Amino acid sequence: MFSILIILLITVTTSMQDSNTNISDENFARSSENFGFKLFFEVGKANARKNIIFSPFSIQTCLAMARVGAAGETAAEMDRAMGFPQMKEEALADKYYDILSKYANSKILKIANKIYVMKGYSLKPNYNELLANRFLSAAENINFSQNIQAAKDINSWVESKTNRLITDIISPNLLSGDTRMVLLNAIHFKGNWVIPFPETGTRDKDFHLDDRNNVKVKMMRVNGKFRYGEFEDLDATALEMRYEDSDLSMLVLLPKSRNGLAQMEEKLKSISLNELVKRMYTTEVIVDFPKFRSEFSVTLNDALQKLGMRRMFSGDANFSRMLQSSENLSISTVVHKAFIEVNEIGTEAAASTVISIGAISGTVSGPKIFNVDHPFYFFVRNSKGIYLFQGSQIYFV
């Protein structure tokens, strides 16, 4: 089960040129992949020796909703950081609509967007149309001055869309009379493996934290046909485990060395994972994979600024396409929180991001062995190469 939440809080401060360029689905996926990895690496620098789980799609969707309300150099910086060519806001929004509409009737993946606007304020017609028709988001007025009640209402919406996996995502002190708008993106995914792990096969086994330290984990085992790859480029092997009734799957990257995660991370900076996935093939695999549960939270301001999104946090931010009010807006805080649990049946996960915009946002003989007994990367992606979740598991408690 996957739940994603993004909250964009916009408060007032007192204090791009349009293009017809479009972007192909393949280039869009590549840009999204690159953004996710760059963000992952920046987050990893400040969170060494921690398990990381986050949703690049959730974060990027929220940033995209902010981006279509941006103008000038603020919009250009966001495009560059996310790897998009300069294009009309409608063209960018269409790319997200393609994904949102694809899963609109899905029974296992639910995506919902919501806009809260300060009482007495209105969205500009074009911005409102983009969010409503492309991001499938409905607007509702709320009084942020009554911050306790406003936070309660927002948290209630979040809980209802994430099967109560995300609670109390926003505290009242993040809201005030200066708050002008809150954008929310929530994703809930409940997926069962196409090839489940039989519970009778789960055993206590060693997980090697490094060459010297081990911990006992609940190691699942299954034998079946999976897409598998051996990548000399990464000095790693890969396995794809599909979820039922969808085009979604979990991709696991396993370094050949117990201490190889950091080296693999460096190599991923210059290699397209989506291109590597095309080289994978279906074969018989004996899979040993640990049951795990992980939580992670992070403030993303520094990471996003290091990726080039500096202006949107400053008094020079230009979000003039959002509100009919002439007030200047800027992003003050971006917070992300995520949870994942993997077991024999499938996957349960949740993630949330708070973005506060405040005063000046082949053919093989014999089965392969895929023994995940040391630190690894994992991704939940669709068939187009869009990464909904990604993370690393390096320790167990």
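Predicted model: local features only at pLDDT ≥ 70, side-chain atom pairs only at ≥ 80, totals over all residues.

Me: OK, how much space lies in the largest cavity?
Reply: About 30 Å³.

Me: Which residues line it?
Reply: The lining of the largest cavity is made up of Ser32, Pro56, Phe57, Gln60, Ile386 and Tyr387. Helix H2 (residues 56-67) contributes the most, with three residues.

Me: Switching to the largest nonpolar core. How many residues does it have?
Reply: It has 114 residues. Those with the most contacts inside it are Leu39, Met250, Leu253, Phe289, Leu304 and Phe319. Helix H1 (residues 25-45) supplies the largest share, eight residues.

Me: And where does this core lie relative to the domains?
Reply: Between domain 1 (25-191 + 294-341) and domain 2 (199-290 + 365-393), because both give residues to it.

Me: What does Leu304 touch?
Reply: Beyond four places in sequence, Leu304 touches Phe35, Leu39, Leu63, Met309, Met312, Phe313 and Val334. Another core, of 17 residues, lies apart from the largest one and includes Phe144 and Leu184.

Me: New topic, Gln393. Buried or exposed?
Reply: Gln393 has a relative accessible area of 1%, so it is buried. Its place is in strand S18 (residues 387-393).

Me: Which backbone oxygen lies 3.2 Å from a polar atom of its side chain?
Reply: That of Tyr395. Outside four places in sequence, the contacts of Gln393 include Asn51, Phe207, Phe292 and Ser294. Pro375, Phe376 and Phe378 are also among them.

Methods
Residues numbered from 1 in each chain as written. Heavy atoms only, no water. Helix = DSSP H or I, 4+ residues; strand = E, 2+ residues; numbered from the N terminus. Buried < 20%, exposed > 50% of the residue type's maximum accessible area, 1.4 Å probe, protein only. Polar contact = N/O pair within 3.5 Å; in protein donor to acceptor, adjacent residues only side chain to side chain. Contact = heavy atoms within 4.5 Å. Core = buried A, V, L, I, M, F, W, Y, C linked by side-chain atoms within 4.5 Å. Domains from an automatic or database assignment. 1 Å grid on protein atoms, 1.4 Å probe; cavity = no way out; pocket = protein on both sides within 12 Å on 5 of 7 lines; lining within 4 Å. Points joined across faces, edges and corners; volume = space filled by probe spheres on them.
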